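Dear colleague,

Please find below the structure that I am handing over to you, together with its sequence. My findings follow directly after it.

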Amino acid sequence: MDNSGQRQPDSEEADRAAGPHGERPQRPREVGGGFLMGRPFGVPVYVAPSWFLVAALITWVFGDQLDRVLPELGAARYLVSLFFAVAFYASVLVHELAHTVAALRYKLPVRRIQLQFFGGVSEIEKESETPGREFVLAFVGPLLSLILSGVFYLAMQLVEPRTVPGVLLAGLMISNLIVAVFNLLPGLPLDGGRMLRAVVWKISGKPMTGTVAAAWTGRALAVTVLIGLPLLSQAGGFSDDAEGFGSFESLTDALLAAILAAIIWTGAGNSLRMARLRERLPDLRARTLTRRAVPVAADTPLSEALRRANEAGARALVVVDGNGLPTAVVREAAIVGIPEHRRPWVPVSGIAQDLRDGMKVSAELTGEELLDTLRATPATEYLVVEETGEIYGVLSTADVERAFVAAMARPQATGK
């Protein structure tokens, strides 16, 4: 199963968007990412610990199938089955790389690819700008799986059918076909759900409308999988046990259906929540959140600087040099920590944070771009400037965080 898209797993994206002090999107080591296997196209590929559980399960199940077709293999069938498990997930990686290449083509940063339980995930950092790009970005994964299925089918024609190569190629053909068809189902978080989102987005002109439609379709799909997969298994004769629904195979089918349904339901809900989060991010505007500031020389006593700020109705202090150019911003927390009776003897330079690269931000920044900019250079205060370079004020991360929480606490608007 493929969960590729903007931000799966969504819990990590929520952490990423939760405030300006989150970690940078591109970091050398992923906590909880699993084992780093390589960096194709500069994107790290991780194998989650859960993959080994799935690989063992595939090895066991496929090994039993091999025993029926090629009983002469004996215990060696499990080595062949392990090779199949690795080859299958290599196909899943190709599926994910298709999403990654398309995202990079559209200049959308990809945080990482992770192979995990029930497939893989490409963590794309930003939303597509148009429904057409969203459709293409989602479709290329299943398309590559279909192409791989066709390649394995053609390769089958070159080998004997009841041989190890023949059985492996047949298994890879069928598994890639299943991956493609399953991911084309029209419900989030599957690729088909993102394609449906793109279509509804194109028709309605509202990305949120597309997300709502695809998310609820995904939830309906989850219920269908939960109920329909065990029934389909029995009706299709997948289980030869005469005990029917009480058999071990039927219980296994029900467990598999429950896991798949839970993954789809949770993914659909997370996609909906993250879409609502992104919809509200534009309310975060550097210009409206910035505190008015007064410029002061580095040797100005703190008490005098605060007096000037009070007279001007300002709430922040910027340290400037002899030419009036900003060199530092005074930290609010440091001011609070200075007792009032000591403030006449403490120069503002003693409690100021020197301006580093990245601590000057544009007053025009909004939403996710604002959060990304602050996250790139963690600090408590930033100097906000106009496009001309003129000082506009000081932006406190505490103010940004409060505004973010307030925006997320608002009731969802109707008509979306």
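Leaving aside residues up to four places away in sequence, Ser 149 touches Met 173, Asn 176 and Leu 177. Please note that this is a predicted model. Ser 149 belongs to helix 4, which covers residues 131-156. Its relative accessible area is 6%, so Ser 149 is buried.

A second residue to look at is Ala 298, found in the loop between strand 6 (293-297) and helix 10 (302-312). Ala 298 has a relative accessible area of 33% and is therefore partly exposed. Not counting residues up to four places away in sequence, Ala 298 touches Val 319, Val 320, Pro 347, Val 348 and Ser 349. The C-alpha atom of Ala 298 is separated by 8.8 Å from that of Ala 352, although the two residues are 54 residues apart along the chain.

I turn next to the salt bridges. Side chains of opposite charge can pair when their charged atoms come close. The count of salt bridges comes to 17.

One of them joins Glu 123 and Arg 112, with the closest N and O atoms 2.7 Å apart. Glu 123 lies in strand 5 (residues 119-124) and Arg 112 in strand 4 (residues 110-116), so this pair ties together parts that are eleven residues apart in sequence. Are these two partners buried or exposed? Glu 123 counts as buried at 4% relative accessibility, and Arg 112 counts as buried at 0%.

Another salt bridge is formed by the side chains of Glu 386 and Arg 287, at 2.9 Å from N to O. Glu 386 lies in the loop between strand 11 (381-385) and strand 12 (391-396), and Arg 287 in helix 9 (residues 286-289), so the pair ties together parts that are 99 residues apart in sequence. Glu 386 is partly exposed, with a relative accessible area of 24%, and Arg 287 is partly exposed, with 28%.

Asp 399 and Arg 402 also form a salt bridge, their closest N and O atoms being 2.4 Å apart. Because they are three residues apart in helix 13 (residues 397-409), about one helical turn separates them. Asp 399 counts as buried at 11% relative accessibility, whereas Arg 402 counts as exposed at 51%.

Finally, a network of salt bridges links Glu 127, Glu 134, Arg 194 and Arg 197.

Yours sincerely

How values were computed. Residues are numbered from 1 along each chain as its sequence is written. This is a predicted model: local features need pLDDT of at least 70, side-chain atom pairs count only at pLDDT 80 or more; totals for chains, interfaces and linings use all residues. Side-chain values use heavy atoms; hydrogens and water are left out. Helices (H or I, at least four residues) and strands (E, at least two) are DSSP runs, numbered from the N terminus. Buried means under 20% relative accessible area, exposed over 50%, partly exposed in between (1.4 Å probe, protein chains only). Contact means heavy atoms within 4.5 Å. A salt bridge is a side-chain nitrogen of Lys or Arg within 4 Å of a carboxyl oxygen of Asp or Glu.
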